[in-house]
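Please consult the sequence and structure shown below.

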Amino acid sequence: MADKKRDDLLVETLNPDMGYFFRTSKKLYETRTKFQDLEIHELPRHGRMLRLDGVFQTSDRDEFLYHEPLAHVGGMTIDGPKTALVIGGGDGGAAEEFLKYKTIEKVVMVELDGGVVDACKEYIPGICGDAFKSPKLDLRIEDGIKYVFETTEKFDQVLLDLTDPFGPSIELYTHEFYAQISKIMTDRGILSLHIESPITRPELFSKLFWTLKSVFPIVKPMTNYVPLYGTLWGFALASKTQDPTSVDKKTLAERIAKHNLPQLQFYNEDTHHSLFALPNYVREMIKAEQQPIRKGDTLPVPAGSKRNLYLTEAEG
């Protein structure tokens, strides 16, 4: 009896002690961009999926669990943005959510890796829809840090749709970067971003929360389960003036009806508030103040980091 290698199982490690896998039906595309390894797979239960450097990024069947909270909790808190900035977000999903607003006049999307945009437009159009065709979208293939420090524009919403804060990406999770973002936000401006998982990376979840707190007087963590990420995922909204938990359900329902956003699969007046319902262990996790992440700091990669862990099965 011989072993048969199962190379159809795509594995990601979340920390040295745990991970998860998806089975791929077919690899649709693979390349090395200027910055990273890029793959697009067809998954039996998640449809088309983007993977960067061995890390699952998004799929066209569950992306709404990530993009809708990031865009619409803030959007409804301020009763519709006129201007929005997306840093990263090469799949186009965040920009597509902002472009649903009739109030929106301009969405600036700054993505470092044009290869991600090109691949997602061709192979996963279900995520971006017609976003890249919109005259309201200003797509810039350049460094997001440079843009944030040099732009003279102001934005009602800023959404950071980034890879994990390890290696060069950590510079987009620092006190200095958040402080500069606060300067390019309007008086009613609101920032949204992911802050890792309170389950698999609790120390990082807490540190990112306190890094935001070092800049913004209002910081509200959220959690939502995102199947592609294999765990409960963390988000945060931060603002100088806007508290997303202070808007009552009746007002939210009225605003949702007024804006008539098409094809929402997750967000409504109930899920708006449920995202902020933190269990006790998460409340305890962020209770003690921590030193913020600052420019020049490094964080250890928490994953082991085995990718494409080939399993074997007995062959009769």
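Asp79 and Arg255 form a side-chain salt bridge at 4.0 Å, N to O, where a salt bridge is a side-chain nitrogen of Lys or Arg within 4 Å of a carboxyl oxygen of Asp or Glu. Asp79 lies in the loop between helix 1 (64-77) and strand 8 (83-88), and Arg255 in helix 8 (residues 249-259), so the pair ties together parts that are 176 residues apart in sequence. Helices (H or I, at least four residues) and strands (E, at least two) are DSSP runs numbered from the N terminus.

The model is predicted: local features need pLDDT of at least 70, side-chain atom pairs count only at pLDDT 80 or more, and totals for chains, interfaces and linings use all residues. Residues are numbered from 1 along each chain as its sequence is written, and side-chain values use heavy atoms, leaving out hydrogens and water.

**Salt bridges**

- The rule gives a count of 22 salt bridges.
- Asp79 is partly exposed, with a relative accessible area of 25%; buried means under 20%, exposed over 50% and partly exposed in between (1.4 Å probe, protein chains only).
- Glu171 and Lys295 meet in a salt bridge of 3.7 Å, N to O. This pair links distant parts of the chain, 124 residues apart: Glu171 is in the loop between strand 11 (155-161) and helix 6 (175-183), and Lys295 in the loop between helix 10 (280-285) and strand 15 (311-315).
- Glu171 is partly exposed at 22% relative accessible area, whereas Lys295 counts as exposed at 60%.

**Contact between the domains**

- The domain assignment, with bounds from an automatic or database source, gives domain 1 (9-59) and domain 2 (63-286).
- The contact (heavy atoms within 4.5 Å) takes 24 residues from domain 1 and 21 residues from domain 2.
- About 1900 Å² is buried between the two domains, with carbon and sulfur atoms giving 64%; buried area is the accessible area (1.4 Å probe) that two parts lose on being put together, summed over both.
- In domain 1, Leu14, Phe35 and Thr58 lose the most area to domain 2, together 25% of what that side buries.
- Across this interface, the rule finds zero salt bridges.
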